[in-house]
Amino acid sequence: MVENNRWGTLFAHLILILGVAIVVFPVYVAIIASTHPPGTFVRGVMPLWPGTHGWENYWTVITEGRSRAGTPPIAGMMWNSFIMAMAITIGKLSISILSAFAIVYFRFPFRIFFFWIIFLTLMLPVEVRIVPTFQVVANLGMLNSFAGLSIPLIASATATFLFRQFFMTVPEELMEAARVDGAGPMKFFKDILLPLSITNIAALFVIMFIYGWNQYLWPLLITTDPNYYTIVMGIQRMVTGGDSEPLWHLVMATVVLAALPPVLVILLMQRLFVKGLTETEK
Amino acid sequence: MASITMDDLHKVYAGGVQAVTGVSLDIADGEMIVLVGPSGCGKSTLLRMVAGLETITSGTLKIGERVVNRLEPADRDIAMVFQNYALYPHMTVYNNLAYGLKNRRFPKAEIDRRVREAAEMLEIAPFLDRKPRQLSGGQRQRVAMGRALVREPAAFLFDEPLSNLDAKLRVQMRVEIRQLQKRLGTTSLYVTHDQLEALTMADRLVVLNGGVIEQVGTPMDVYRRPASVFVAGFIGSPAMNMIDMDYLRASDAGGAVDHLPKGTDLVGIRPDDLSVGEGGPEALRLKGEVVLVEPAGAESHIYVNLAGSHQPITVRIPGLPDLAEGARVPIHAPREALHPFDRETGRRTDGADPASAGARRARMQGA
């Protein structure tokens, strides 16, 4: 900052605090709501202070779920979500890094053509191609399976494109030096390119994991078996399922738990980020 | 250790651009050959063809007795030092040196011995555990050298290895590389655009221009008897003066002019061969006006505009002359110092010298 005006600083802080408050408030409400007994919400007034039923609510959600409304206990759904998110993330990363490697380092016919084909799929997100994709998955008999949950979401033009851009910045001499040093293409990939891309991989891992974890429409469509419900779907079923009023205290407890894994992933990967970044700075 | 034989090498790029046109060169075992020329002359391409990083369009390349045209770089038994060092940024210095040996499945003890020996030799032993980015430019340069050294290859290939260093370090590394190369006796091919580097380091110098060899010879041969106008202008600093024959004839330039061979229409004179003052009747005698005196420490460069043509001429003399700018001075050069050229062909008119015969052959094949 050039100006060191006291009021300016105050003003800047006010705006920042306001921004943080707006972002944090819903999270706060969710956490608070998850600690109240069932009756609180019927009155139509949101409590702003913690209630007394926190442990009880979380315990119910984790062990029983809401069996009457067809929602299984939360642990299973969390596990399903985790498997799906990990499969999508790892699948996306490995496929995109390999295709970027092929596009940047090999001269094969129609190279640019294939790159643009991949690039074009950027314009076709899941929602646009959902009907044909469903058809294909159904015909392959992959409904109600982890394969059906994750495979259609694995192809990623974004990640391919990002890795391509990164590989283009790696000096060509590095590849030449590796060739002189007797490293074949895959050895070069494993020994040099992969370690150099570690920060990119970490960044994409976070983004892709959250993308996978938050998938809503696709799991909703292709799973009818509660054994394959993901947590995001579970929340949806908790809200709409059953004849009674939604049990907001339980819904909120589930929401809070569902938000934990992405937060954990960010925290863990952040350390890798920082490590990678400081190493490049030296 | 091995000799390198290039026979009529051609490189044509995909777009039809001719980068190297008919280069033939025999490099003896243990020789240090410097390829020198302006940017775009094909010197780097030629080196990369030897390394195997560029395909050879036609011609034969032998390292030792083996034709290596189609071999991968790793199988050619060469090691290369790159301009920007190309060190693996995520590996320690030790692993940078060891990588090539590991890929060749050397036993661990042997790798360790060679790495430590090379590190000792290059004085980088204290940095073996560091990453390249923690090293200075000069140290990185040494690591790049070390990576070539540990391989104990048949030939070293240097691609402008000193151009990223500052002037002082460059001189120091130049001396070290040369000493090291002499001690190891490894055949080396060294590419540079710096003519001083070329003159000081080479056993033999290869001057390239437009993808063809202009001249091959020992540095002093090339300096004393440049085979063409291009070589004359490229080697030597300040550059050789080129004076038109018609001007010399018209301006009563002394007896030296009459002794020049037939067909000479351009005369080259090195700035060091010119002196200020009236010369004898057999010398080349010129007159001109001093435009600028440039003191350069032990010597001075005097820029003189020739009387009548206003062509600028550089004169190099020891010490600092007592000359004012604007002064009219006579300058002269001994008869032996004149280099007669044919403007049309760009070649010398006083006969070929044995050293450049190969170059001429290459030139004709290229044409």
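Student: Where do I begin with chain A, and what is its secondary structure?

Tutor: Begin with a count of elements. In this predicted model, chain A comes to 13 helices and zero strands. Of its 282 residues, 29% count as buried.

Student: And what does the secondary structure of chain B come to?

Tutor: Chain B has ten helices and 18 strands. It has 367 residues, and 43% of them count as buried. The C-alpha trace of chain B spans about 75 × 45 × 35 Å along its principal axes.

Student: How do I read one helix, and which residues of α7(A) are buried?

Tutor: The general idea is that an α-helix has 3.6 residues a turn, so residues three or four places apart point the same way. Now the case here. Helix α7 of chain A covers residues 157-169, and its 13 residues reach 19 Å from the first C-alpha to the last, close to the 18 Å expected at 1.5 Å a residue. Its buried residues are A:Ala159, A:Thr160, A:Phe163 and A:Arg164. They are on the same side of α7(A) because they cover an arc of only 135° around the axis.

Student: What covers the buried residues of α7(A), and which exposed residues are on the face turned away?

Tutor: The cover includes α3 (74-105), α4 (111-120) and α10 (198-213) of chain A. The face turned away from the buried side carries the exposed residues A:Gln165, A:Met168 and A:Thr169.

Student: How do I read the place where the chains touch, and how many residues of each chain are in contact?

Tutor: The size of an interface is often given as the accessible area lost when the parts come together. Here I give residue counts instead. In this model, 15 residues of chain A are in contact with 20 residues of chain B. Helices α8 (172-180) and α9 (185-196) of chain A each supply at least two residues of the side that touches chain B. The most comes from α8(A), with six residues. By residue type, that side of chain A divides into eight nonpolar, one polar and six charged.

Student: How do I read a sheet, and what is the order of the open sheet of four strands in chain B?

Tutor: In a regular strand the side chains alternate between the two faces of the sheet. The order here is β2-β1-β4-β5, with antiparallel pairing. The edge strands are β2 (18-27) and β5 (66-67) of chain B, each of which pairs on one side only. Within the sheet, five bridges join β1 (residues 4-12) to β4 (residues 58-63) of chain B. B:Met6 stands opposite B:Leu61 in β4(B). Helix α1 (residues 43-51) of chain B packs on the sheet and touches β1, β2 and β4 of chain B, while its direction makes about 65° with that of β2(B).

Student: Which strands stand at the edges of the open sheet of five strands in chain B?

Tutor: That sheet has the order β13-β17-β14-β15-β16, again with antiparallel pairing. At its edges stand β13 (275-276) and β16 of chain B; each has a single partner strand, so one side of each is left without a neighbour in the sheet.

Student: How many bridges does β15(B) make with β14(B) and with β16(B)?

Tutor: Strands β14 (residues 284-295) and β15 (residues 299-306) of chain B pair over seven bridges. Another pairing of seven bridges joins β15(B) to β16 (residues 312-318) of chain B. The partner of B:Ser300 in β16(B) is B:Ile317, and that of B:Asn305 is B:Pro312.

Student: What are the turns of these hairpins like?

Tutor: The hairpin of β14(B) and β15(B) has three residues between the strands, and B:Gly297 takes a positive phi near 85°. The hairpin of β15(B) and β16(B) has five residues between them, and B:Gly308 in the turn has a positive phi of about 95°.

Student: Is B:Gln215 buried or exposed?

Tutor: B:Gln215 lies in strand β10 (residues 212-217) of chain B. B:Gln215 counts as buried because it has 28 C-beta neighbours inside 10 Å, and the cut-off is 20 or more.

Key. Residues numbered from 1 in each chain as written. Chains lettered and ligands numbered in written order. Predicted model: local features only at pLDDT ≥ 70, side-chain atom pairs only at ≥ 80, totals over all residues. Buried ≥ 20, exposed ≤ 12 C-beta atoms within 10 Å, placed from the backbone. Expected span 1.5 Å × (residues − 1). Arc of directions from axis to C-beta. Contact = placed C-beta atoms within 7 Å. Nonpolar A, V, L, I, M, F, W, Y, C, P; charged D, E, K, R; others polar. Pairing = 2+ DSSP bridges. Axes fitted to C-alpha atoms, helices over the stretch in contact; angles between N-to-C directions.
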